[in-house]
Amino acid sequence: MSLLTPPVSDDDHRAGSDDAPVTLVEFGDYECPYCAAAHPMVQEIQRNLGPDLRFVFRNFPLAQIHPHAQRAAEAAEAAGAQDQFWGMHDLLFENQDALEESDLLRYAAALSLDGDRFARELSAGLYTDRVRRDFRSGVKSGVNGTPTFFINGVRHDAPWDLATLLAAVEAAAATPADGRRSR
């Protein structure tokens, strides 16, 4: 059983309440077609569980096979510095075939970001270390491909189709923190 290392913290991009009974963490790559396929499934799980779910995304760019993944992750982090991580996150997955520098700048404009700041921070590599930290966290957690999910800190090793992942998340929601199932 692989555990999430380090645990979720204030440094993570989180959607949902920190008090939610279930935390779903995804290690993902913005250029990975499997992550793009998982993206609407995660959104459906978020809709289904509502306030019972906290979703966390950590960058795991597989740069050797996805040449735009690292830069896309840095773009998401640069957008996050302007409180638009989730907006950029969605745009990157929805436009996975368009991840060139000019595309990233266009997405920043679509999100009404400070374009000069975004471009300057991206060019300076300001978020390279942040992305690497996420990646190292994945390696420590036993991640070797994307997407990889963790439910309440434990790697989800079953398939990640919507029905299977949703059932696993719902089961975690029905299990109190002390590990006993509710009736």
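Reply: The radius of gyration is taken over C-alpha atoms, and the globule rule is 2.2 Å times the number of residues to the power 0.38. For 183 residues that rule gives a value near 16 Å for a compact globule, and the protein chain, at 16 Å, agrees with it. This is a predicted model, in which local features need pLDDT of at least 70 and side-chain atom pairs count only at pLDDT 80 or more, while totals for chains, interfaces and linings use all residues. Residues are numbered from 1 along each chain as its sequence is written, and side-chain values use heavy atoms, with hydrogens and water left out.

The protein chain has seven helices and five strands, where helices (H or I, at least four residues) and strands (E, at least two) are DSSP runs numbered from the N terminus.

The part to look at is helix α4, residues 101-110, in which Asp 103, Leu 104, Tyr 107 and Ala 108 are buried; buried means under 20% relative accessible area, exposed over 50%, and partly exposed in between, with a 1.4 Å probe and protein chains only. Seen down the axis of α4, these buried residues fall within an arc of 145° (taken from the directions from the helix axis to the C-beta atoms), so they line one face of the helix. An α-helix has 3.6 residues a turn, so residues three or four places apart point the same way. The buried residues of α4 pack against α2 (69-80), α3 (85-94) and α5 (115-123), whereas the face turned away from the buried side carries the exposed residues Ser 102 and Ala 109. After α4 comes Ser 112, whose phi is positive, near 60°.

Note on methods
Contact = heavy atoms within 4.5 Å.
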